[in-house]
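Work through the exercises below with the sequence and the model open side by side. Each task is followed by a solution that goes step by step.

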Amino acid sequence: MISLRYKNKGTAVHRLNPFHKLLWVITIFVLALILDHPIYILLLFLATLPAVAAARVWREWTSVIKLAFYLCLAIIVINIVVSYHGSTVLWQAGFRLPVIGRPVITLEAIVFGAGMSLRLLAIISAFAVFTFTVHPDDIMLAIIKLKLPYKSVLVTSLSTRFVPALIEDAQRISDVQRSRGLELDRGGLIQRIRSRTAIMIPLLSNSLDRTVQVAEAMESRAFGSGQKRSFYKEITVSRLDALALAVSFLPVVLGIFMRCRGYGIYQYYPALEGLSIGGLEGAMLALMVLLVVIIVPIALLKRRIDLD
Amino acid sequence: MIKIDNFTFSYHDTRKPAIEDINLEIQDGEFILLTGPSGGGKSSLCRSINGLIPHFYGGEVTGRVEVQGLDTLKHSTRELATRVGMIFQDPENQLVTTEVEREIAFGLENLAFPRNIMARRVVESLDALGISDLRHRQVHELSGGEKQKVAIASVLALHPEVLILDEPTSELDPKSTEEVLSITERLNDELGITVILIEHRLDRVLQHADRLIVLNDGQIIADGKTRDVLSSSYEKIAGAGIGVPPIIRLTREMASTGISVNGAPLTVKEGRIMLSEAFRKPFRKLPAHDHKANGRPVIQVDRLWHTYPEGPTALKGINLRVNEGEFLAIMGRNASGKTTLVKHFNGLLKPTKGTVTIENIDTRKTTTAELARKVGFVFQNPNDHLFADTVEEEISFSLRNLRTDDEVIRSRVDELLEEFGLEKYRGQYPRSLSSGEKQRVALASVVAARPEILVLDEPTRGMEYRLKSYLMDFLKEYVRQGNTVILITHDVETAAEHADRVILLSEGEIIADGNKRDVLSGALLFSPQINRLVQAFRKQGIPGDILTVDELMRILS
């Protein structure tokens with residue numbers, strides 16, 4: 001199985017300031033939401049790919065996108081079934097349902113579903129790059145830097161820390177109980193839930209024991225009430241970082257500006273609009289995509305400077 | 001210096017004190033081996049020294065504990081952290097961050113050390129343990145042994161004067177055990193850090209400890225120089241159910257039968273010197289009466305290969321035949337395929353290639369639930385077994401799964417409760433019992449189905465001596481009744497004493513298979529202590545395949 005966790009591959013993207021990557025994800029998220037035009041969204045999705053390539057997380061990214069694809073299929077199917085707007089009827093049912101009348105499938109409903117899916121894919125792709133290249137502890141540090149209380153951040157980080165152990169526990173306990181003749185897939189729903197208790201109870205109790213032990217170990221290492229603490233690592237924001245951060249924010253500004261000028265809007269219903277993009281609009285769109293992609297050259301440049 | 005005066009402590013919910021009237025003085029730089037049966041108060045004593053008792057646990061305290069001049073009652077665990085470092089049993093549960101270097105910095109961060117000092121201490125601690133290569137690794141990728149070393153490094157970063165290790169090796173394989181113990185010895189030797197080590201198995205550390213302290217029922221029953229304590233309080237120690245290394249038992253028994261022994265050896269090396277006189281006399285022949293099981297084959301493994309999905313090939317063409325009535329020990333280093341192999345015996349794993357046949361049933365054609373009638377499985381940790389509301393329900397669980405008649409279940413449970421001495425716990429919640437009782441409930445719940453084959457996966461790891469001998473006696477009896485027992489173990493002494501046949505696995509292949517005498521004698525890694533001792537005296541006529549104290553005594557007297 002491919003691990004879907006952070007792994008330090010040491011690429012320029014991995015080394016990039018986590019704030020920068022966070023801002024980049026937010027940028028793509030916001031753009032994907034305020035713009036409707038399928039070409040805009042498609043370009044936005046494609047604009048995340050150079051970062052995937054530069055971070056060398058193709059395998060991980062592919063498996064996430066594969067999962068997202070099923071989700072997209074579901075979105076499209078549901079939209080086809082429930083949405084009867086649209087004027088280009090591809091198929092009409094031979095029966096009537098109360099209230100809505102005769103169900104129809106329209107071209108517009110299919111395309112709308114596809115458009116929404118594309119939007120989702122762009123956002124998921126950006127988030128995937130973020131999760132695979134930002135160390136969980138760095139996320140924690142970033143949040144602390146944003147002035148959230150340390151303890152609540154630590155609790156969150158601890159719970160992610162113990163997920164692998166919990167999975168291992170569950171696997172082992174299930175082996176134990178199966179060896180005692182437990183059949184997990186026998187009987188009706190009630191029976192199945194009951195047989196799961198043979199796994200859940202040891203799992204929960206072991207986790208509780210674990211909690212006490214972890215608390216004890218932390219206490220022994222001077223983790224204590226309300227005292228001042230220092231941080232081994234800190235995310236520093238250099239002047240170059242600040243500049244880069246400003247650059248990564250530009251696409252959002254540009255996107256909002258374009259939206260205000262009426263660009264990037266698209267009507268699916270009642271009939272699909274043309275996809276044509278004007279000259280000035282095209283130029284601005286190209287600039288926006290460029291500003292999203294620019295994270296990769298910035299990362300490479302920054303690594304060169306760091307290594308010098 | 002640590003000074004404990006008339007110290008008594010009881011946990012909130014109990015009336016009986018966990019430790020009672022302890023008086024103890026520990027000098028700087030001492031290496032102390034602390035041992036005793038489970039529930040004897042070892043952990044409580046250690047937690048009193050670093051302030052977890054009473055600051056973390058609450059409870060009732062009288063008397064006083066002073067560490068480097070600090071009264072633990074008046075100073076918090078946080079303040080004591082730079083004086084006393086504590087390492088716990090389970091390496092998994094003492095690491096809190098996701099990356100090794102941050103883990104080591106965690107304590108320093110809590111004490112608000114400036115960043116430049118932290119950077120230096122992190123590097124130093126990694127170096128001191130020889131794990132600099134782990135610095136940037138993710139904690140979840142590390143092996144148990146590596147995790148334990150990181151835990152030690154992270155405590156060492158605080159520059160403690162005292163290091164307390166509470167059974168640090170009970171979750172580790174022999175190789176990591178060895179590494180962790182030698183690191184501990186080195187920290188004591190080279191940095192002069194006071195070490196308090198809690199251990200069940202004494203053979204490996206005895207010669208290194210300056211002082212041996214034995215706790216039983218919350219009280220110190222023996223305390224002094226290791227060698228002195230072992231000779232002056234031997235009966236008391238053995239009586240408290242503490243496993244004494246074979247060589248020490250041997251010299252005691254030799255002395256009591258009138259063979260003069262020149263000293264009290266702690267190691268094989270010392271034994272070679274001190275016992276050379278005693279072994280210079282004629283020996284009797286050891287009668288050849290090894291138990292041979294020639295019953296019908298109950299397990300047949302043919303050219304078995306197993307590859308985990310997207311993982312390593314764990315078994316490479318295993319051929320094995322286990323007969324009815326055999327007591328088989330499976331040994332081998334970590335990741336040699338032992339557990340993978342036995343999981344094929346009850347269908348938890350299915351062959352990638354080849355076949356496994358249990359009582360003429362091909363495991364590919366049946367389910368684990370069906371095989372549970374024939375094959376019982378005891379895993380290491382009873383906490384993974386127990387879930388029912390009462391001991392009675394727990395024991396009847398597998399019988400109900402196998403759809404046994406209520407009448408039969410009732411009488412079977414009564415028998416088992418009696419056999420395992422659990423009658424008075426019948427209606428109790430199994431998880432609240434003591435560790436020894438839990439182990440017995442888990443065992444009873446597995447043998448309730450009367451499986452003809454009983455498989456145990458490292459049941460004795462971290463187990464105290466008394467419980468271990470109880471388990472082994474039970475298994476021997478079970479074999480005598482015509483059943484087959486398969487035991488995965490790292491413990492050579494246990495295999496030498498109780499098994500009939502031993503197989504050694506290495507990298508997924510069987511590299512030795514035969515009578516325990518042939519497999520376990522004259523080997524470098526997998527020979528019991530007595531066998532390593534007699535190798536020196538083979539020229540004088542001692543047979544080189546002697547494995548245990550009893551055997552040696554039989555030919556001596």
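**Exercise 1.** How many bridges join strand β13 (residues 327-332) of chain B to β18(B), and do these strands run parallel or antiparallel?

*Solution.* The structure is a predicted model, in which local features need pLDDT of at least 70 and side-chain atom pairs count only at pLDDT 80 or more, whereas totals for chains, interfaces and linings use all residues. Residues are numbered from 1 along each chain as its sequence is written, and chains are lettered from A and ligands numbered from 1 in the order in which they are written. Helices (H or I, at least four residues) and strands (E, at least two) are DSSP runs, numbered from the N terminus, and two strands pair if DSSP finds at least two bridges between them.

Step one: β13(B) and β18(B) are joined by four bridges and run parallel. Within this pairing, B:Ala329 stands opposite B:Leu487 of β18(B).

Step two: turn to strand β17 (residues 453-457) of chain B, which is joined to β18(B) by five bridges, again with parallel strands. Here B:Leu454 is the residue opposite B:Val485 in β18(B).

**Exercise 2.** Which residues have the most contacts inside the largest nonpolar core?

*Solution.* A nonpolar core is a set of buried Ala, Val, Leu, Ile, Met, Phe, Trp, Tyr and Cys residues joined through C-beta atoms within 7 Å. The largest such core has 172 residues, and B:Ile164 and B:Ile330 have the most contacts inside it. Two residues are in contact if their C-beta atoms, placed from the backbone, lie within 7 Å. Leaving aside residues up to four places away in sequence, B:Ile164 touches several residues, including B:Cys46, B:Val84, B:Met86 and B:Ile196. A second, separate core of 45 residues includes A:Ile41, A:Ile124, A:Ala244 and A:Leu291.

**Exercise 3.** How many residues does the contact take from chain B and from chain A?

*Solution.* The contact takes 54 residues from chain B and 43 residues from chain A. On the side of chain B that touches chain A, the largest share, six residues, comes from α4(B). By class, this side of chain B has 25 nonpolar, 19 polar and 10 charged residues, where Ala, Val, Leu, Ile, Met, Phe, Trp, Tyr, Cys and Pro count as nonpolar, Asp, Glu, Lys and Arg as charged, and the others, Gly among them, as polar.

**Exercise 4.** What is the order of the strands in the open sheet of four strands in chain B?

*Solution.* The order is β2-β1-β4-β5, with antiparallel pairing. The edge strands, β2 (19-26) and β5 (70-71) of chain B, each pair on one side only. Between strand β1 (residues 2-10) and strand β4 (residues 60-67) of chain B there are seven bridges, and B:Asp5 has B:Arg64 as its bridge partner in β4(B).

**Exercise 5.** Where is B:Thr14 found, and why does B:Thr14 count as exposed?

*Solution.* B:Thr14 is found in the loop between β1 and β2 of chain B. B:Thr14 counts as exposed because there are 10 C-beta neighbours inside 10 Å.

**Exercise 6.** Which peptide bond has omega near -5 degrees, and which has omega near 5 degrees?

*Solution.* The bond from A:Tyr269 to A:Pro270 is cis, with omega near -5 degrees, and A:Pro270 is found in the loop between α10 (239-260) and α11 (279-293) of chain A. The bond from B:Ile53 to B:Pro54 is also cis, with omega near 5 degrees, and B:Pro54 has its place in helix α2 (residues 52-55) of chain B.

Conventions. A residue is buried if 20 or more other C-beta atoms lie within 10 Å of its own, exposed if 12 or fewer, and partly exposed in between; C-beta atoms are placed from the backbone.
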